[in-house]
Amino acid sequence: MDISEIAKRLGLSDSKQLVRKAAEIRRLCDVQFDSSVIGVGEVSKAVMCLEIAATRFQVIFDRRAATKLSGLSEKAYTRSFNLLQNSIGVKTKLDVRELAIQFGCVRIIPSVQKGLSLYKDRFLASLPASRRAGADFTRPVFTAVAFYLSAKKQKLKIDKDKLIEVCGTSESEFLSVSTCMKDLCYDVFGISKEKLDPREVKGNRDLLDALPEKRTVEEGGYLSDDGPEVSSYKKRKRTEKAGYEKWKSTVMESNKNNSKGGERLSIRFLISNLFQG
């Protein structure tokens, strides 16, 4: 399918300059990036080239429609898109000031910059020294999330869908980074009441070349629910189950040792204790 036809389907055909730039990026990909290695077809590659071009010209790009047209899942599209950008040396930058002007929230610029800096420091603090160099905070999703959370704290209305489109990320990735950033930067964004250990926060897994769950506790990785430490939820459920088993055992033992009248008395006594507890 011709790239002009794909641009038309994505509502980008009006910008001839954008389409020409996308075609140029596609030719660069053909030389420097073997898309077949990761299972990306020509249509998917053309769609991604259009997204890169749209980002450069600051044209809103419909990531959801693009993902559907590419035939890939949202996760596969995002992964392939990032790999393609890195392979041809393209880095998408999102400036806080430009976002502030575009969304009419100039007064939150200092809080966005402070929150973003604090997030980087605290996230890196959770990693072993050998992995800190591999953490990539240059992707625009981090700037966009910090901007969104700062605006939300100050009760400013921001179109989240439009912001996601501007930064060129997926909704799931945006939410993942948002959850991590809210937990770690409680004092800037005012979401969490208690500071959390960075190792307990499952952040954006694409920051590193390996999933946090694959790393051991000694390496400074995040703990998964099936890891060496059991989550507080599972601990509570086990405690409740153990209490129930103990109560059940007490009732059965009482039934064996007491007469029929005594059994009623014992059961009434146990039930009374339960209500009191």
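Predicted model: local features only at pLDDT ≥ 70, side-chain atom pairs only at ≥ 80, totals over all residues.
Modeller: Start with the words for direction. Residues are numbered from 1 along each chain as its sequence is written, and side-chain values use heavy atoms, without hydrogens or water.

Biologist: What describes two packed helices?

Modeller: The angle between their axes, and the distance between the axes. The axes are lines fitted to C-alpha atoms over the stretch in contact, and angles run from 0 to 180 degrees between N-to-C directions. Helices are DSSP runs (H or I, at least four residues), numbered from the N terminus. Take α3 (residues 42–56) and α4 (residues 63–70). Their angle is about 160 degrees, and their axes lie 8 Å apart.

Biologist: How are α3 and α4 oriented to each other?

Modeller: They are therefore roughly antiparallel.

Biologist: Which residues of α3 and α4 make the contact?

Modeller: Contact means heavy atoms within 4.5 Å. From α3 come Val43, Ser44, Val47 and Glu51; from α4, Arg63, Ala66, Leu69 and Ser70. By class, there are 4 nonpolar, 2 polar and 2 charged residues in the contact of α3 with α4. Nonpolar means Ala, Val, Leu, Ile, Met, Phe, Trp, Tyr, Cys and Pro; charged means Asp, Glu, Lys and Arg; the others, Gly among them, are polar.

Biologist: At what angle do α9 and α11 pack?

Modeller: At about 60 degrees, with axes 9 Å apart. Helix α9 covers residues 140–153 and α11 covers 171–184. The pair is therefore oblique, and its crossing is right-handed. On the α9 side, look for Val141, Phe142, Ala144, Val145, Ala146, Tyr148 and Leu149. They meet Glu173, Phe174, Val177, Ser178, Met181 and Lys182 in α11. This contact of α9 with α11 has 10 nonpolar, 1 polar and 2 charged residues.

Biologist: Where do α6 and α7 meet?

Modeller: Val96, Arg97 and Ala100 of α6 meet Ile109, Val112 and Gln113 of α7. This contact of α6 with α7 splits into 4 nonpolar, 1 polar and 1 charged. Helix α7 covers residues 109–125. The axes of α6 and α7 come within 10 Å and cross at roughly 140 degrees. That makes α6 oblique to α7. Here α6 passes α7 in a right-handed crossing.

Definitions and conventions:
Helix = DSSP H or I, 4+ residues; strand = E, 2+ residues; numbered from the N terminus. Parallel < 35°, antiparallel > 145°, perpendicular 65-115°, else oblique. Left-handed = near helix turned anticlockwise from the far one by under 90°.
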